[in-house]
Amino acid sequence: MVTVRIPTPLRTVSGGQSEVKIPAGTLRQCLEELEARFPGFKARICEDSGNVRRFVNIFVNGEDIRFLSGLDTPLNPGDEVTIIPSMAGG
Amino acid sequence: MGFARSLRCRECGTEYPLDARYVCTECFGPLEVTYDLDALRRVLTRDRIERGPHSLWRYRDLLPVGDGPTVDLHAGFTPLIKAENLGRKLGLRNLYIKNDAVNPTYSFKDRPVAVAASKALEFGFDTLACASTGNLAASVAAHAARAGLNCFVFIPADLEAGKVVNMAVYGATLVPVRGSYDQVNRLCTELADRHGWAFVNINLRPYYAEGSKTLGFEVAEQLGWRAPDACVVPVASGALFTKVAKGLQELASVGLVEPRTVRMYAAQAAGSGPVADAFARRSLEVRPVKPNTIAKSLAIGDPADGYYVLKLIYETGGAAVGVSDDEVVAGIKLLAETEGIFTETAGGVTIATLKRLAEGGAFRPDEVVVAFITGNGLKTQEAVAGTLTVPDAIEPTVAAFEAAFGRTLPAVSARR
């Protein structure tokens with residue numbers, strides 16, 4: 001099981017849940033599983049092509065998946081997946 | 001009642017009321033404030049603005065604050081200086097420096113924070129907070145003190161000592177985090193979900209970012225109500241860059257300046273240059289980097305507005321440049337020695353970029369070029385201190401002075 005942290009803007013599709021535990025071997029499987037549980041979830045963070053939208057950041061154990069293997073990043077039991085909107089800085 | 005009308009998703013166009021939200025719930029895209037431009041065209045005149053206060057609030061009609069009280073440290077309306085000496089060195093006859101290092105907390109961040117703090121009061125928040133590379137934290141802490149709000153500021157633990165003192169003095173709770181700015185920002189985005197705080201650059205971001213438009217407004221007003229031919233602007237998250245351009249475009253939209261294409265040039269440090277890297281590939285895709293540069297205020301490896309910066313660059317015929325840390329230090333000294341302005345490392349990045357562009361023929365000699373200096377040199381003294389020579393002390397006698405400096409006097413005079 002991996003833990004997925006769900007940000008406020010996505011809780012309208014996750015039935016209000018802020019955290020879910022799901023089985024998944026890769027990030028891609030993780031998103032498919034989220035879509036199966038919460039229809040419409042994937043469309044909110046991915047383009048029609050399946051790629052993650054450029055203003056959505058996904059982290060596995062705190063590391064940006066663009067520094068890992070993107071959607072092919074392997075997941076191990078206990079891993080933590082965080083989805084957050086890309087934010088301006090200062 | 002102000003002229004702001006809605007929040008609109010920059011990606012899919014979905015509109016929302018003007019409340020404390022920051023992300024489109026349809027597509028996760030960033031939200032931006034829209035205005036009733038027709039009403040503004042009828043009401044807004046150059047005279048109305050010129051009669052306003054000598055601060056960013058003279059552009060209040062073009063900011064999303066309504067008629068309520070504002071948190072006012074007198075940010076903005078900073079000097080626009082014609083840089084004759086630096087211009088001569090670079091072959092530019094109409095070079096200007098927008099000196100935003102002289103804001104109340106010594107950086108341009110007082111502009112967005114003035115707007116965000118005012119909105120925090122309006123929305124009824126009791127705590128102001130931010131993720132910061134240093135300058136923003138000082139500004140948030142000062143505005144929170146002024147407004148009587150609690151304050152938490154989150155920073156990477158390795159910031160310059162001067163910046164840390166500058167933010168700690170206002171009584172805010174400092175949270176140094178072992179990690180990069182991008183990691184601090186991620187932490188704060190998660191915290192914003194848990195605590196009901198006003199994170200100025202997260203849940204108040206659409207309002208916060210609007211404050212930086214006033215840099216564009218001021219430059220146009222100070223040039224005699226005309227837009228420049230080219231702007232050189234430092235890029236960290238890219239919000240400032242896009243808002244300077246938006247400010248200039250809005251003035252044209254409401255009829256206060258003639259429309260013109262302003263070439264937008266992005267200044268980055270090579271050690272944290274994801275936008276410069278993308279431009280070198282002539283791409284719109286920003287690939288995040290792990291920053292390694294002395295220009296810590298620009299050390300954002302994953303710039304949220306990087307895509308929009310690149311779009312503006314390609315649309316206006318500008319460019320993006322990544323300069324080395326040595327060039328940054330040389331840039332700080334060049335501006336100080338030619339124009340008497342001491343800027344922090346981000347300003348060194350801007351001047352080094354300006355120099356590279358000028359030497360590469362980016363500007364015609366008579367074009368109006370504005371370089372944006374966004375922070376004060378006293379904040380990052382470490383960057384230049386080691387390269388400056390302070391002579392040993394002498395006895396208070398004429399003989400001691402002549403002995404120590406007599407031989408060097410002709411050389412000193414010749415430098416001028």
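Helices (H or I, at least four residues) and strands (E, at least two) are taken as DSSP runs and numbered from the N terminus. The structure is a predicted model, in which local features need pLDDT of at least 70 and side-chain atom pairs count only at pLDDT 80 or more, whereas totals for chains, interfaces and linings use all residues. Residues are numbered from 1 along each chain as its sequence is written, and chains are lettered from A and ligands numbered from 1 in the order in which they are written.

Chain A contains two helices and five strands, arranged from the N terminus as β-β-α-α-β-β-β. Chain A has a radius of gyration (taken over C-alpha atoms) of 12 Å, close to the 12 Å that the globule rule gives for 90 residues, so chain A is as compact as a globular protein of that length. The globule rule is 2.2 Å times the number of residues to the power 0.38. Along the principal axes, the C-alpha atoms of chain A fill a box of roughly 35 × 30 × 25 Å. Of the 90 residues in chain A, 36% are buried; a residue is buried if 20 or more other C-beta atoms, placed from the backbone, lie within 10 Å of its own. Two residues are in contact if their C-beta atoms, placed from the backbone, lie within 7 Å. Among the contacts of chain A with a separation of 6 or more, 51% are between residues 24 or more positions apart.

The strands of chain A form an open sheet of five strands in the order E2-E1-E5-E3-E4, with mixed pairing. Strand E2 (19-22) and strand E4 (63-64) of chain A are the edge strands, each pairing on one side only; pairing requires that DSSP finds at least two bridges between two strands. Strand E1 (residues 2-5) of chain A and E5(A) run parallel and are joined by three bridges. Within this pair, Thr3(A) has Glu80(A) of E5(A) as its bridge partner.

At the interface between the chains, 21 residues of chain A are in contact with 33 residues of chain B. On the side of chain A that touches chain B, helix H2 (41-45), strand E3 (56-60) and strand E5 (80-85) of chain A each supply at least two residues. This side of chain A comprises 10 nonpolar, six polar and five charged residues, where Ala, Val, Leu, Ile, Met, Phe, Trp, Tyr, Cys and Pro count as nonpolar, Asp, Glu, Lys and Arg as charged, and the others, Gly among them, as polar.

Chain B is assigned domain 1 (1-68), domain 2 (80-106 + 212-385) and domain 3 (109-210), with bounds from an automatic or database domain assignment. The C-alpha centres of domain 1 and domain 2 of chain B are 25 Å apart. Contacts between these domains involve nine residues of domain 1 of chain B and 10 residues of domain 2 of chain B. Helix H1 (37-43) and helix H2 (46-50) of chain B each give at least two residues to the side of domain 1 of chain B that touches domain 2 of chain B, with H1(B) giving the most, three residues. That side of domain 1 of chain B has seven nonpolar, no polar and two charged residues.

Nine of the 10 residues of helix H9 (residues 213-222) of chain B are buried, so this helix is largely enclosed by the rest of the structure. H9(B) is followed by Gly224(B), with a positive phi near 85 degrees.

Key: A residue is buried if 20 or more other C-beta atoms lie within 10 Å of its own, exposed if 12 or fewer, and partly exposed in between; C-beta atoms are placed from the backbone.
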